[in-house]
Amino acid sequence: MIVNRPSRIRASIEVPPDKSISHRSFLFNAIATGTATIENPLESEDVRSTVACLRQLGVEIDWADGAQAAMVHGRGLHGLDEAEDILDCRNSGTTMRLLSGLLSGHPILSVLMGDEMLRRRPMARVITPLRQMGAHIQGRKGDTLPPLAIKGGALGGIDYASPVASAQVKSAVLLAGLYADGETRVAEPAKSRDHSERMLRSMGAELAEGPASVRIQPATRLEPLSLRVPGDISSVAPWLVLGACHPDAEVSIRGVNVNESRGGILDILTSMGADFELSEERTIGGEPVADIVIRSSRLKATTVGGALVPRAIDELPLVAVLACFAEGETLVRDAAELRAKESDRVDAVVAALGRLGAKVTARPDGFSVAGPIALHGGTVDGGGDHRIGMLGAIAGMLADGETKVLNDAVGVSYPSFWEDLRRASQ
Ligand code: S3P
């Protein structure tokens, strides 16, 4: 795709539905007793992977292409059938890690595989706790990488301190905890997104939350949860960055999930001095939602680290773009997890923005950016990582001259990205 900087940006955006909540709506309702209607599910490649795996496990899901709603006919907590073939999670870490937890509670054999990128992502983080609970689970390269082979069964509750702040790990353990013979507790170094906790509680699971820990009791039944999926703040982030950094911009975005555990990008924008406001705060699908307006801003550098990191993890690559337009040195630290995403997002950010003239330096646990700098056009390779593809597009919209974006993979989380971008720059 080719992008150029438009002279002005006036856009009104309807955000795509949240990817994390869409995955969970299908996965959790698959083991509920009864039928749930999911309005506004994200129709992206990752969510399609979850749905395809669940169908192979015997779950009936009515979801036609382009339909505004899907119906999941839950099979009950113990109702998944053994799949006849391997389950292909394709590019989706959420599918593989959450399914691992779910399948650990089922006495069936499952083989989970993924595409070339997913087969390089760390799985010991779920294998270790699920094995402690009693699941038989193995992976390639000394039980660290996909494909995974899982034979679930009788599980015991554990008290697990995860070395990483990861909602995928936490959710896998909580799902397995539904099947354990006693309480399961999972603690993490800092609180990660809490969609699983909110949804499982609404479905009748017994959960108690500490500041960065959750306890779950075994369940005998989950109620189906019909919900409307709110807009994804990770898909809003490109718009927030474009609005703040472009010299003549005003962007309004409707229906954004502003859940505290996901809202780190808003705190970062505030600390950088961005001109934006939230309005019409309301609740959709059990999540706090607001509309946001953002305008061209004078930005200053900031430091991002500690508990803020998991609250903004998928948005940190875009913080590097903000930093190119901010006065001073921006530092992102405590973010080694960026290296374990669809690609190594530290190296990917440095390579992508470096091609456009940014002064960005890799660190073992993040990066630093010296600003402000005038970006110039160039060729950015997203390398098949959707967040890097979107970063290339947004940086290109803010650069002098033409930018070419290769291998953008935006269909993983934001299928209408290019169309929305084209409309905003007319
Ligand atoms: C997700 C959790 C995060 C995030 C990913 C989606 C989820 O991953 O990066 O895009 O839906 O639980 P980690 O759990 O690996 O931090």
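Helices (H or I, at least four residues) and strands (E, at least two) are DSSP runs, numbered from the N terminus. Keep that numbering at hand for this tour of a predicted model.

**Stop 1: the ligand and its pocket**

Select the ligand. The ligand sits in the largest pocket. Now color the two domains: domain 1 is 2-16 + 230-424, and domain 2 is 19-217. Why does the ligand lie between them? Both domains give residues to the shell around the ligand, so it lies between the two.

**Stop 2: the shell**

Next, select the residues around the ligand, 13 in number. Nearest are Ser20, Arg24, Ser166, Asp314 and Lys341. Color the shell by residue type.

Then show the helices. Which helices each supply at least two residues of the shell? Select H1 (19-30), H3 (93-104) and H6 (167-177). H1 gives the most, with 3 residues.

**Stop 3**

- Serine 166: a polar side-chain atom lies 2.6 Å from an oxygen atom of the ligand.
- Alanine 167: here a polar backbone atom is 3.1 Å from a ligand oxygen.
- Glutamine 168: a backbone N or O atom lies 2.9 Å from an oxygen atom of the ligand.

On its own, the ligand has 380 Å² of accessible area, and the protein covers 94% of that.

**Stop 3**

Leave the ligand and turn to the backbone. Most residues other than glycine have a negative phi, and most peptide bonds are trans.

Proline 147 has its place in strand S9, residues 145-151.

Move on to glycine 371 and proline 372. Where is proline 372? Look in the loop between strand S22 (366-371) and strand S23 (379-381).

**Stop 4**

Finish at asparagine 40. To find asparagine 40, go to the loop that runs between strand S3 (35-39) and helix H2 (45-56).

Note on methods: Residues are numbered from 1 along each chain as its sequence is written. This is a predicted model: local features need pLDDT of at least 70, side-chain atom pairs count only at pLDDT 80 or more; totals for chains, interfaces and linings use all residues. Side-chain values use heavy atoms; hydrogens and water are left out. A residue is near a molecule or strand if one of its heavy atoms lies within 4 Å of it. A polar contact is a pair of N or O atoms within 3.5 Å; within protein, one must be able to donate a hydrogen and the other to accept it, and residues adjacent in sequence count only if both atoms are side-chain atoms. Accessible areas come from the Shrake-Rupley method with a 1.4 Å probe; for residues, only the protein chains shown count as cover. On a 1 Å grid over the protein atoms alone, a cavity is a set of points where a 1.4 Å probe fits but cannot get out, and a pocket is an open set with protein on both sides within 12 Å along at least five of seven lines; lining residues have an atom within 4 Å of a point. A molecule sits in a cavity or pocket if more than half of its atoms lie within 2 Å of its grid points. Domain bounds come from an automatic or database domain assignment.
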